[in-house]
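Here are a few notes to go through with the model open beside you. Take them one at a time, and find each residue on screen before you read on.

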Amino acid sequence: MDCLLRVKIWAGDPPVRELARIIGLPPSTMGDFLRPRTGGRLPAVETICKFLEACGVHDQGVIDEWVYAWRRLRYAETGKRRRPRRHLRSA
């Protein structure tokens, strides 16, 4: 999320309302998207792609790198939830 905030700043730090209008989200949802999270779920990859485009990122190779990073993070997030619990067995 820190990197996405840097993209926003690099784009001239457009207001949240303007980004929300371009992307087609309510401003409150856009604000939640930009708010740093601890332990929360990742935003949808489609939202990230729309955000990047709204910030002027149109190079498909760059967007593909973001999608790849999102997939890696999502995979790690899913793995944490599915990690089997160890059961104690009596010997």
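**Notes on the model**

1. Let's begin just past helix 1, at Gly12, where phi is positive, at about 100 degrees. Keep in mind that this is a predicted model.

2. Now step back into helix 1, which runs over residues 2-10. Which of its residues are buried? They are Leu4, Val7 and Lys8. These three sit on the same side of helix 1, because they cover an arc of only 100 degrees around the axis. There's a handy rule behind this kind of pattern: an α-helix has 3.6 residues a turn, so residues three or four places apart point the same way.

3. Turn the model around and look at the other side of helix 1. Here you'll find Asp2, Arg6, Ile9 and Trp10, and they are exposed.

4. Next, have a look at Leu34, which belongs to helix 3 (residues 27-34). Is Leu34 buried or exposed? With a relative accessible area of 8%, Leu34 counts as buried, because the cut-off is under 20%. Leaving aside residues up to four places away in sequence, Leu34 touches Met1, Leu5, Lys8, Val16 and Phe51. One of these, Lys8, is also among the buried residues of helix 1. Val16 is another one to click on: Leu34 and Val16 are 18 residues apart along the chain, and their C-alpha atoms are separated by 8.6 Å.

5. On to the second largest pocket, which holds about 180 Å³ of space. How do you find such a space? Rolling a probe the size of a water molecule over the atoms shows where empty space is left. The lining of this pocket is made up of Met1, Cys3, Leu4, Leu42, Pro43, Ile48, Trp66, Ala69, Trp70 and Leu73. Two elements give two or more residues each to that lining, namely helix 1 and helix 5 (60-82). Helix 5 has the largest share, with 4 residues.

6. Last, the cysteines. How many disulfides does the structure hold? The count is 0. In case the term is new to you, a disulfide is a covalent bond between the sulfur atoms of two cysteines.

Conventions
Residues numbered from 1 in each chain as written. Predicted model: local features only at pLDDT ≥ 70, side-chain atom pairs only at ≥ 80, totals over all residues. Heavy atoms only, no water. Buried < 20%, exposed > 50% of the residue type's maximum accessible area, 1.4 Å probe, protein only. Arc of directions from axis to C-beta. 1 Å grid on protein atoms, 1.4 Å probe; cavity = no way out; pocket = protein on both sides within 12 Å on 5 of 7 lines; lining within 4 Å. Points joined across faces, edges and corners; volume = space filled by probe spheres on them. Contact = heavy atoms within 4.5 Å. Disulfide = S-S within 2.5 Å.
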